[in-house]
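Here are some friendly notes to read with the model open beside you. Take the points one at a time, and find each residue on the screen before moving on.

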Amino acid sequence: MLPDPSRSAVQHGLVDVEQWSVWFGATAALSEVSLRITPGGVTALIGPSGCGKSTLLRSINRMNDGAAGLRHAGHIRLDGADIYAPSTDSSVLRQRVGMVFQRSNPFPKSVLDNVTYGARLNGMTDRRELEALAERSLRRAALWDEVKDRLGQSALRLSGGQQQRLCIARALANDPDVLLLDEPASALDPVATLRIEELLYDLRRDVTIVIVTHNLQQAARVSDRTAFLLAGRLIECDDTARLFTSPREPRTEAYITGRFG
Amino acid sequence: MSAPTYPTARTMSSAERPPRSNARGDRWVGWGDRIYGALITACALAIPLLLVLVAAIIARSAWPAVSTVGAELVTGTTWDVPRGQFGALPAILGTLASSLLSLIIATPLALGVAIFVSELAPPAIRRPFAFLVDVLAAIPSVVYGLWALYVLVPFLREVVMPFLGDTLGLGALPLFKGPAYGPSLLAASLVLSIMILPYIAAVARELLQAVPRSQREAALALGATRWEMVRDAVLPYARSGLVGAAILGLGRALGETMAVTMVIGNRHELPSSLFQPAYTMASLLANEFNEASGALHVSALMAVAGILLAITLIVNAIARWLVWRMEART
């Protein structure tokens with residue numbers, strides 16, 4: 001097979017979580033989690049509610065910053081650089097590590113304004129440049145054909161699934177190395193969910209994807225590797241196929257076979 | 001965007017609704033609902049009825065002056081009771097000028113306070129700070145008036161007005177023309193702006209805090225700094241409500257009487273300079289109702305009251321319309 005030139009981008013986006021602990025006040029949300037997320041591919045974080053998987057995800061782009069009583073210990077490195085170092089600008093970090101939330105949250109602005117928000121923050125003002133960026137990003141999010149004639153319309157007039165893909169396009173427009181998704185399809189119907197999953201399958205070629213999901217079938221379908229968390233601890237992380245067929249840990253097996261959670 | 005409508009309990013007519021058995025078999029249960037409904041409806045209707053009654057009585061009492069003085073009431077500039085000249089234009093313009101000025105001063109400050117409390121302040125001082133701002137609204141109007149008369153007005157006369165007029169050389173402009181008396185349109189506008197600030201700030205704070213977290217996170221996750229998040233996600237989301245908050249403050253400024261009367265100088269002339277004394281409709285009424293002589297004088301004051309009421313209603317209507325139009329656009 002010929003080397004795919006786009007694969008070069010996947011050299012970036014190595015996330016190293018080292019002995020990472022998070023507390024909210026007196027409550028420990030994560031305890032000494034160590035996890036390596038290699039560039040490219042999809043990593044799924046699974047576990048019962050309250051196991052800390054969303055907290056872990058939000059640690060990777062410092063979305064927890066400012067939460068009441070937050071403390072943390074350990075390190076998270078992105079391509080070798082400590083993202084919690086004092087010299088790290090969290091707003092710059094968040095453009096390298098995009099995030100899509102459980103409920104789609106487009107701004108009550110036009111489709112175009114939504115997609116180009118990150119670029120405009122960086123000072124891009126040329127209309128043609130912005131439109132080209134919007135087209136490129138919307139195509140990557142498999143939304144272009146549906147919205148190309150209504151870029152000026154309010155994003156709130158799109159369907160729920162379209163809004164979520166718009167949020168993905170908006171994150172992709174920053175050309176992130178890592179894309180974090182927090183249960184991105186849990187509020188969508190099965191058809192819209194399928195479209196998101198197909199999209200993730202295509203995107204894995206040029207961006208490192210980390211997805212939190214409650215849906216084990218979804219984790220099995222979309223991810224290359226799966227990490228199972230329980231009560232703030234990482235129990236097991238392995239290739240998805242192996243974790244779902246022959247887990248090493250009895251607790252993992254108990255969870256994926258539906259005995260708790 | 002029109003959502004499809006499905007028949008629900010709310011849209012179903014009573015004919016379609018399945019009959020409901022009264023488990024208690026008590027016919028007074030139905031009566032209780034009816035009495036309750038009638039009482040509540042009566043209470044609700046009493047409010048607009050009161051407004052209509054007030055307006056009607058003002059209109060009836062003002063009629064002699066309106067029929068005698070005519071359009072002169074709103075276009076005339078001379079208010080000379082013994083000669084029977086009742087031109088209220090200076091007071092009308094003075095009311096509008098002082099209210100708009102106070103709004104221009106107070107709105108940015110109130111917005112800043114609201115942004116500070118809801119977005120920037122450390123959680124520990126949010127509540128105390130918001131409480132202090134709210135307390136501003138609880139200070140009686142006459143206390144503001146006294147403070148303004150003995151502190152603000154001398155300060156304006158001795159420091160601010162000479163500085164603006166002479167040091168900065170703004171005295172050449174019509175807006176800053178004239179000797180520094182102290183009691184002036186500027187003094188009234190400043191007091192008003194302090195008085196309406198807590199109202200605008202309190203409503204704005206609630207509006208900002210009601211902006212969903214998802215909107216804030218959307219901006220942050222795309223690389224916005226905290227200030228960019230406020231500017232691009234929080235303020236636009238609350239925009240229509242913020243306009244309403246400002247107009248609410250304007251409504252209060254229009255009617256404020258006591259503090260304004262104490263510092264505006266009460267001179268019945270068209271307001272032309274910030275440094276000159278002026279008059280407002282509310283001050284005019286407060287100053288003259290007690291010694292109103294003759295039926296025509298009383299009737300003229302009633303006419304001024306009617307104009308003030310009408311302007312307040314129009315301002316509120318404009319506020320509603322602005323909010324409605326902004327909501328329809330997004």
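1. Let us begin with one pair of residues in chain A. In β7(A), A:Val178 is the bridge partner of A:Val97. Please keep in mind throughout that this is a predicted model. The strands β6(A) and β7(A), the latter covering residues 178-182, run parallel and are joined by four bridges. As background, strands of a sheet pair through backbone hydrogen bonds, and they do so either parallel or antiparallel.

2. Now zoom out to the sheet around that pair.

3. Strand β3(A) deserves a point of its own. Its residues are 42-46, and five of the five are buried, so the strand is largely enclosed by the rest of the structure. On one side of β3(A) you will find A:Val42, A:Ala44 and A:Ile46, while A:Thr43 and A:Leu45 point the other way.

4. Strand β8 (residues 208-212) of chain A runs parallel to β3(A), with four bridges between them. Strand β9 (residues 225-230) of chain A is also joined to β3(A) by four bridges, and these two run parallel. A:Leu45 is a handy landmark here: it stands opposite A:Val212 in β8(A), and A:Leu45 also stands opposite A:Ala227 in β9(A).

5. Chain A has another open sheet to trace. Four strands make it up, in the order β2-β1-β4-β5, and the pairing is antiparallel.

6. Two loop residues are worth checking for their backbone angles. A:Asp79 sits in the loop between β4 and β5 of chain A, and its phi is near 50°, a positive value in a residue other than glycine. With 15 other C-beta atoms within 10 Å, A:Asp79 is partly exposed. A:Arg62 belongs to the loop between α1 (53-60) and β4 of chain A, and its phi is near 60°, again positive in a residue other than glycine. Is A:Arg62 buried or exposed? A:Arg62 counts as buried, because it has 20 C-beta neighbours inside 10 Å, and 20 is enough to meet the cut-off for burial.

7. Next, turn to chain B and a pair of helices. The axes of α3 (residues 89-120) and α10 (residues 281-288) come within 7 Å and cross at roughly 125°. The two helices are therefore oblique to each other. B:Ala91, B:Ile92 and B:Thr95 make the contact from α3(B), and B:Met281, B:Ala282 and B:Leu284 make it from α10(B). By class, five of the residues in this contact are nonpolar, one is polar and none is charged.

8. What about the largest nonpolar core? It has 154 residues, and those with the most contacts inside it are B:Ala187, B:Val191, B:Ile200 and B:Val263. Helix α6 (residues 185-209) of chain B gives the most to this core, 18 residues. Leaving aside residues up to four places away in sequence, B:Val263 touches several others, including B:Gly145, B:Leu149, B:Pro183, B:Ala187 and B:Val191. In general, nonpolar side chains in soluble globular proteins tend to be buried together.

9. Finally, see where the two chains meet. How many residues does each chain bring to the contact? Chain A brings 21 residues and chain B brings 16 residues. On the chain A side, α2 (90-96), β6 (97-100) and α4 (117-121) each supply at least two residues. The largest share of that side, four residues, comes from α2(A). By class, the chain A side divides into nine nonpolar, eight polar and four charged residues.

How values were computed:
Residues are numbered from 1 along each chain as its sequence is written. Chains are lettered from A and ligands numbered from 1 in the order in which they are written. This is a predicted model: local features need pLDDT of at least 70, side-chain atom pairs count only at pLDDT 80 or more; totals for chains, interfaces and linings use all residues. Two residues are in contact if their C-beta atoms, placed from the backbone, lie within 7 Å. Ala, Val, Leu, Ile, Met, Phe, Trp, Tyr, Cys and Pro count as nonpolar, Asp, Glu, Lys and Arg as charged, and the others, Gly among them, as polar. A residue is buried if 20 or more other C-beta atoms lie within 10 Å of its own, exposed if 12 or fewer, and partly exposed in between; C-beta atoms are placed from the backbone. Two strands pair if DSSP finds at least two bridges between them. Axes are lines fitted to C-alpha atoms, for helices over the stretch in contact, and angles run from 0 to 180 degrees between N-to-C directions. Angles under 35 degrees count as roughly parallel, over 145 as roughly antiparallel, 65 to 115 as roughly perpendicular and the rest as oblique. A nonpolar core is a set of buried Ala, Val, Leu, Ile, Met, Phe, Trp, Tyr and Cys residues joined through C-beta atoms within 7 Å.
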